[in-house]
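Please keep the sequence and the model in view while reading.

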Amino acid sequence: MSITSDDYTPPKVWTWNKANGGRFASINRPIAGPTQDKELPVGRHPLQLYSLGTPNGQKVTIMLEELLALGHAGAEYDAWLIKIGDGDQFGSGFVNLNPNSKIPALLDRSGPKPIRVFETAAILMHLAEKFGEFLPTEVAARAECLSWLFWQMGSTPYIGGGFGHFYAYAPVKIEYAIDRFTMETKRLLDVLDRRLAESEYVAGPDYTIADIAIFPWYGGLAKFNQYGAGEFLAAHEYKNVQRWTEQLWARPAVKRGRMVNRLSGEPSEQLHERHDASDFETKTADKLVAAE
């Protein structure tokens with residue numbers, strides 16, 4: 001059966017048609033669990049990250065680079081590349097770390113027993129509490145920070161799986177779907193823009209994990225033309241989001257974090273794996289090609 005946006009009547013019981021998977025046919029499936037026996041590599045640092053440089057992956061690498069910038073040696077990490085297009089997330093080792101088979105996943109080996117952490121909000125909170133950074137301890141400020149953190153977690157699927165998918169990736173352009181998720185994406189940008197009109201950072205006067213979580217997605221729309229949709233969304237009109245995006249982009253740790261496990265963009269901004277701080281100077285994609 002071919003993909004069509006017209007005259008579709010859902011059957012009584014849905015069945016999986018692999019041919020209708022589109023660009024993500026190799027990624028999406030209606031069952032969980034591993035498809036292959038494949039253990040994960042382990043490096044020398046206390047923290048082992050298995051990820052890809054998507055907006056979700058960038059949240060954690062930005063956080064880790066910010067912690068290192070503050071002098072927390074215990075935040076040293078190995079960032080291993082998980083190629084989701086190749087199905088690495090369905091290897092047995094990765095599924096043991098994250099039963100949901102989504103990047104990123106973190107293994108914290110700093111204590112007597114390794115701790116697995118998955119879902120980006122959980123990882124950010126784990127690291128913030130572990131190192132005592134970027135999460136306020138005062139009750140009201142903490143509640144505000146966590147509210148915005150989970151606002152990002154709850155709202156952004158409308159941007160990625162909704163707007164981004166139907167605008168940029170779907171095999172057919174469906175006006176209803178694009179209009180539906182464009183409306184929601186612009187509403188969310190407006191929520192953020194109004195908040196940043198009254199606050200320097202998202203959760204208040206201080207930079208927190210809320211900013212770190214929100215930046216890769218909303219900064220991606222505002223500055224990096226994510227999905228090729230900057231003009232379509234009139235992203236330049238959200239002046240407060242633009243101001244905040246530039247403010248965060250001026251942070252060196254944000255720039256470094258955005259490079260890690262990245263497979264797209266300028267080769268000089270791609271660090272496929274990160275195992276030492278010096279890798280940013282010696283192992284970006286452009287330097288690896290030049291050394292061949």
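Two strands are said to pair if DSSP finds at least two bridges between them. Helices (H or I, at least four residues) and strands (E, at least two) are DSSP runs, numbered from the N terminus. The model is predicted: local features need pLDDT of at least 70, side-chain atom pairs count only at pLDDT 80 or more, and totals for chains, interfaces and linings use all residues. Residues are numbered from 1 along each chain as its sequence is written, and side-chain values use heavy atoms, with hydrogens and water left out.

**Strand S3 and its partners**

- Strand S3 (residues 105-108) and strand S4 (residues 115-118) run antiparallel and are joined by four bridges.
- These two strands, S3 and S4, form a hairpin with six residues between them.
- Within this pairing, Ala-105 stands opposite Phe-118 of S4, and Asp-108 stands opposite Ile-115 of S4.
- Strand S1 (residues 47-51) is also antiparallel to S3, again with four bridges, and Leu-49 has Leu-106 of S3 as its bridge partner.
- In a regular strand, side chains alternate between the two faces of the sheet.
- Both faces of S3 are covered, with Ala-105 and Leu-107 buried on one side and Leu-106 and Asp-108 buried on the other; buried means under 20% relative accessible area, exposed over 50%, and partly exposed in between (1.4 Å probe, protein chains only).

**Helices H3 and H4**

- The axes of helix H3 (residues 120-131) and helix H4 (residues 139-155) come within 10 Å and cross at roughly 150°; axes are lines fitted to C-alpha atoms, for helices over the stretch in contact, and angles run from 0 to 180 degrees between N-to-C directions.
- H3 is therefore roughly antiparallel to H4, a term for angles over 145 degrees.
- Contact (heavy atoms within 4.5 Å) involves Thr-120, Ala-121, Leu-124, Met-125 and Glu-129 of H3, and Arg-142, Leu-146, Leu-149, Phe-150 and Met-153 of H4.

- Val-241, Gln-242, Trp-244, Thr-245, Leu-248 and Trp-249 are buried in helix H8 (residues 239-249).
- Seen down the axis of H8, these buried residues fall within an arc of 170° and so line one face of the helix; the arc is that of the directions from the helix axis to the C-beta atoms.
- Their cover includes helix H6 (175-198), helix H7 (209-223) and helix H9 (252-259).
- Arg-251, in the loop between H8 and H9, is partly exposed, with a relative accessible area of 24%.
- Not counting residues up to four places away in sequence, Arg-251 touches Glu-66, Tyr-201 and Tyr-207.

Note on methods
Parallel < 35°, antiparallel > 145°, perpendicular 65-115°, else oblique.
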